[in-house]
Amino acid sequence: MLEEYGKKRDFKKTEEPEGKPKKSDRKELIFVIQEHHARNLHYDLRLEIDSVLKSWAVPKEPPEIPGIKRLAIQTEDHPIDYADFEGTIPEGQYGAGKVLTWDKGTFIPEKITEKEILFRLDGKKMKGNYVLVKTGFGKGSWLFFRKKE
Ligand code: MN
C-alpha cells in the first residue's frame, strides 16, 4: 500500500518517516492537514483509513466554513507516522520544501465509498462535518467541503 510512497523518496536524504502500514493503538482515528511550502504552497489533507493516511493535496486554504468548495487532488498513501512529521524536505527530493502542521485532530468516518467520504473532523481549526466527493474530471480529482449543519 505504501509502495508508491517509498518509490518517490530516498530515505537517506529526507527525514520523512519510512513507515509501514500499522494499526495504531489509539482509540480514535486521526487526521492531519500539513501546510506544504513546495514549489506551490498547498495543504495536504490526510485521513487515517485502513492503517495508512489517505492523502489529498488541496491547492487553497482548507474550507473551515460551509459554502467553500476546494479542489483536492488525491496523492499517494502516507504512513501513519507522517502525521507527526514537520521539517524541510531537501532540495532535489520529491516535495522539496517546508512541511508544517496546519491542523490535526480526530477523524470520525461516517461513510466511505470509492466516490464519496463523509466524515467529521475534530481539530483546532477544522470542526464539523465534511465531504470528499470524486468529480467526473481527472482520475484523482475530488471536491472537499464542509457540510451545512
Ligand atoms: Mn504536499
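**Strand pairing and a manganese site**

In strand β3, S55 is the bridge partner of R46. The model is predicted, so local features need pLDDT of at least 70 and side-chain atom pairs count only at pLDDT 80 or more, while totals for chains, interfaces and linings use all residues. Residues are numbered from 1 along each chain as its sequence is written, and side-chain values use heavy atoms, with hydrogens and water left out.

Strands here are DSSP runs of E with at least two residues, numbered from the N terminus. Two strands pair if DSSP finds at least two bridges between them. Strand β2 covers residues 41-49 and pairs with β3 in the antiparallel sense over seven bridges. The two strands form a hairpin, with two residues between them. In the turn, D50 has a positive phi of about 55°.

Strand β3 also pairs with strand β4 (residues 69-78). This pairing is antiparallel too, over four bridges. Here L53 has H78 of β4 as its bridge partner. Strand β3 spans residues 52-58.

The loop between β3 and β4 contains G67. This residue has a relative accessible area of 70% and is therefore exposed (over 50%). G67 and F145 are 78 residues apart in sequence. In space, their C-alpha atoms are 7.4 Å apart.

A manganese ion has three protein donors: H36 through ND1, H42 through NE2 and D44 through OD. They lie 2.1 to 2.3 Å from the ion. Donors are N, O and S atoms within 2.8 Å of the metal (3.2 Å for Na, K and Ca); water is not among the atoms, so sites may look incomplete. The donor residues follow the spacing H-x5-H-x1-D in sequence.

H36 counts as buried because its relative accessibility is 8%. This residue sits in strand β1, residues 29-37. The side chains of H36 and D44 make a polar contact at 3.2 Å. Such a contact is a pair of N or O atoms within 3.5 Å; within protein, one must be able to donate a hydrogen and the other to accept it, and residues adjacent in sequence count only if both atoms are side-chain atoms. Leaving aside residues up to four places away in sequence, H36 touches L41, H42, D44, I89, G95, A96, K98 and V99. Contact means heavy atoms within 4.5 Å.

Definitions and conventions:
Buried < 20%, exposed > 50% of the residue type's maximum accessible area, 1.4 Å probe, protein only.
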